Amino acid sequence: MYIQTVMSQITIITAAWCKPCEYLKANVENWAESVKCDIPIVYEEYHEGKHNIKKLPTLLYTYDGVEKQRTTGANEKNIRLWLLNAQAYGQFSEYGFED
């Protein structure tokens with residue numbers, strides 16, 4: 001019997017020279033916890049040409065290996081709302097309510 005595992009993930013693209021990136025890295029896991037977002041968060045260093053990044057920091061939400069949402073910046077209110085949306089998207093997708 002084959003069981004397909006679907007993996008949700010948030011990838012945060014940052015750079016060492018980016019001050020908003022450092023602020024986001026220091027706070028995003030607390031913000032995720034505060035809105036009950038339990039999607040795994042991974043950090044990736046910015047590389048030109050990868051993921052078509054135009055601004056830093058960039059947050060990517062992937063579901064089953066496919067990018068579904070992205071946002072940029074380190075504004076706490078915006079990031080908390082984005083995390084809530086990513087969490088909801090993942091929950092709906094698990095039950096077949098995908099776009």
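Predicted model: local features only at pLDDT ≥ 70, side-chain atom pairs only at ≥ 80, totals over all residues.
Reading from the N terminus, the elements come in the order β-α-β-β-β-α. As for who touches whom, take the contacts in the chain with a separation of 6 or more: 64% of them are between residues 24 or more positions apart.

Now for the sheet. The 4 strands sit side by side in an open sheet, in the order β2-β1-β3-β4, and the pairing is mixed. The edges belong to β2 (41-45) and β4 (66-72); each of these has a single partner strand, so one side of each goes without a neighbour in the sheet. From one strand to the next, the twist averages 25 degrees.

Strand β1, residues 8-14, pairs with strand β3, residues 58-63, in the antiparallel sense, and 6 bridges link the two. In this pairing, Q9 is found opposite T62 in β3. With β2, on the other hand, β1 runs parallel, and 5 bridges join them. Here I13 stands opposite E44 in β2. A handy rule to keep in mind when looking at the strands is that side chains in a regular strand alternate between the two faces of the sheet.

The structure holds 1 disulfide, and the residues it joins are C18 and C21, with an S to S distance of 2.4 Å. The link between C18 and C21 is right-handed, at 80 degrees about the S-S bond. Are these two cysteines buried or exposed? A residue is called buried when its relative accessible area is under 20%. C18 comes out at 5% relative accessibility, so C18 counts as buried. C21 has 0% relative accessibility, so C21 is buried as well. Another cysteine, C37, has a relative accessible area of 9% and is therefore buried too.

Notes. Residues numbered from 1 in each chain as written. Heavy atoms only, no water. Pairing = 2+ DSSP bridges. Axes fitted to C-alpha atoms, helices over the stretch in contact; angles between N-to-C directions. Disulfide = S-S within 2.5 Å. Buried < 20%, exposed > 50% of the residue type's maximum accessible area, 1.4 Å probe, protein only. Contact = heavy atoms within 4.5 Å.
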